[in-house]
Amino acid sequence: MIGAEAIVKCLEAEGVKAVFGYPGVAICPFYNSILDSSIRTILIRTEQNAAHAASGLARMTGKPGVCAVTSGPGATNVITGIATAFADSIPLICITGQVNSELLGSDVFQEADITGAVESFVKYSYLVKNVNDIPRIFKEAFYIANTGRKGPVLIDIPIDIQNAVINKFKYPQEVSMRTYKPTVNGHIMQIKKVMGQLQKAKRPIICAGGGVLLSGAEKELRTFAEKYSIPVVSTMMGIGVMPTEHPMYFGMVGNNGKAYANRAMNEADLIIMVGARVADRAISQPDLIIGNSVLVHIDVDSAEIGKNAIPTIPLVGDARHIFEDLLKQELEPQDCEHGDWIDTLKHYRDTMQIKRNPNPEYVDPKQFIICLSEKMNENGVYVADVGQNQIWSCAYHIVREGRFMTSGGMGTMGYSIPAAMGAKLACPERQVVAVCGDGSFQMSMMELATMRQHDIRVKIIVLKNNYLGMVREYQHYTYKDHYSVVDLSGSPDLEKLAAAYDIPFIRLVNNHGMEEAIDAFLKNDESMLMECLIDPMDLVK
Amino acid sequence: MKRIYSVLVENRSGVLCKVAGLFSRRCFNIDSLAVGETDDPDISCMTIVSSGDQRTIEQIEKQLNKKLDVIKVKTFDEGQSVSRELMLVKVKYNKNNRRDILETCEIMKAQIVDMSKTMLMIQICDVPEKTRLLISMLQSISIVEVARTGTLALPKCSD
């Protein structure tokens, strides 16, 4: 057996079903060996999207997504995808081919120091120098990627190592690394302190981030919030921790979030922050919220606790385990009634809605997204891109039993289509809709070919305004309409583009016929491209 | 606030780069950094002197602990440790200042380890404060070049 075959065996042992990638000479031994496996290979049209597609798959399966690209430009192209996954703590295994190990460092054709280049965007990286290390390295890589604070791991494998004969292939049962032992269970004393604070609190709130989804703690969170009547808000990455219309859910916080959610955070006397980084877009003034409340910060990564806000009670551990332990504590729910607080928040929710004045000549994004949400399947997957479309999606999409995904930390345009493809491959029976703007669509529209080639039935909506809307909006406010490099003239006719790819197309020019158009868009499990013309001057705020 | 980090790491290629990269990426200061193998050839010890406010100092320790090549991080300040720095200084001398240089070396417990007709090489191994002092004492003479190890430190012995 050679190294390349060993890699495929490792992927099989980890239960990998699909690999996204782009071949080149340096990764050819691997792509040759994978033909003998039942693992699906998806030829993505640019490497960055291989990482995004693997990210979409990982978010649906809870297992690391895998991509495999060649050395040099293949490897450097994938960096943005890796950085996107890193910012959102998505587990990825990224395999990169490398030039012959004896030529490393001599700047031969398509050589790039990829382990050096990605150092600040990966949880860990390997440069394989001995073929016999392959089983151990893959075992460790999958373990590292999907435990503790999840994230991407890169494995760089020179072509001669892929071709070298491996003595004896044995996939390890266990990992033994003296430097890596993630904390799973929270400290029991800290857990008791949380319950003590909860008993005293009059206005508690839970602020849930993406970590809750990553640890699969949605059910435990909901049970805890319901048991002790604690309202819940979320960060952008936390959207979907609770159904949007759950009576205890009060929206997304942050500078693009709901005013009533931010007000709830500011008025709370106990904030339980869980799986969230207290990042600038979510909590713009951390000192303000800790000034007049008790902050409990639960995170699996101890370095996130105290980084942006000093908590009263730090609690390191996995969100699901911590909620399980919190639920085991003896505190009577009747000792924690917050009826007045909840009534106040409901009043805020009813009275602090943004008033929009939609232009009747165009599709109103708010009305459209609400209508789309209502008509999507209960468990549908909604993937929002980056830009105004993302902010509207966050504000108006109604999650029921489905998933909401977006690039939150890095804000990488072009994420939605490849990520939706990964999600669809992971869950072929579920409806997957990617919603993007005309800017972000053009950053990944080459993947329409991938969808066609591999029969990945993603539905795509393009909110078209012929502008980079989010930047235009920023220039509107900051530079008083002095627009610079935001005009998207020259964009293709999407109807012709869809025809070129043989994908059915629908155009919606204003709110008339919206319901019928969405019904037609969602009616079957086929790929479809829908264009909605929206007001170029519309604003998210 | 000064802080010393004694960091045990896997003795592998690229680890120094990863640790140094962490400091630059997160805008942490490195006042000095010294690396060497320990009694176990698989493990190296990095002694890093850094400075910053309380929050930064805590973040440095947490971020170091996150690195998967880091085995153990010990952190202490100068008062809790024995610290030493080795320095070599090459100076130009002449018959007028030779005696002054020798006297300075004697007071500072520095040694002359090499010489030519015009140059002397001085070695000092002492707490970092003393090596800095020696440089300032020699500054009036013509210093040709200086090499310093950076601070090495271990926490004080305790039973």
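Which residues of H7(A) are buried?

## Helix H7 of chain A

In this predicted model, the buried residues of H7(A) are Ile134(A), Pro135(A), Phe138(A), Glu140(A), Ala141(A), Phe142(A), Ile144(A) and Ala145(A). Helix H7 of chain A covers residues 134–145, which makes 12 residues. From its first C-alpha to its last, H7 reaches 16 Å, close to the 16 Å expected at 1.5 Å a residue.

The partners of these buried residues also lie in chain A. The buried residues of H7(A) pack against one helix, H1 (3–13), and against the strands E4 (92–98), E5 (124–127) and E6 (152–158). As background, residues three or four places apart in an α-helix point the same way, because such a helix has 3.6 residues a turn.

## Helices H11 and H14 of chain A

Helix H11 (residues 218–227) and helix H14 (residues 319–328) of chain A have axes that come within 9 Å and cross at roughly 30 degrees. Angles under 35 degrees count as roughly parallel, and H11(A) is therefore roughly parallel to H14(A). The crossing in which H11(A) passes H14(A) is left-handed.

On the side of H11(A), the contact is made by Glu220(A), Leu221(A), Thr223(A) and Phe224(A). H14(A) contributes Arg320(A), Phe323(A), Glu324(A), Leu326(A) and Leu327(A). Sorted by class, the residues of this contact are five nonpolar, one polar and three charged.

## Contact between chains A and B

Chain A supplies 11 residues to the contact, and chain B supplies 14 residues. The side of chain A that touches chain B consists of four nonpolar, four polar and three charged residues.

Definitions and conventions: Residues numbered from 1 in each chain as written. Chains lettered and ligands numbered in written order. Predicted model: local features only at pLDDT ≥ 70, side-chain atom pairs only at ≥ 80, totals over all residues. Helix = DSSP H or I, 4+ residues; strand = E, 2+ residues; numbered from the N terminus. Expected span 1.5 Å × (residues − 1). Buried ≥ 20, exposed ≤ 12 C-beta atoms within 10 Å, placed from the backbone. Contact = placed C-beta atoms within 7 Å. Axes fitted to C-alpha atoms, helices over the stretch in contact; angles between N-to-C directions. Parallel < 35°, antiparallel > 145°, perpendicular 65-115°, else oblique. Left-handed = near helix turned anticlockwise from the far one by under 90°. Nonpolar A, V, L, I, M, F, W, Y, C, P; charged D, E, K, R; others polar.
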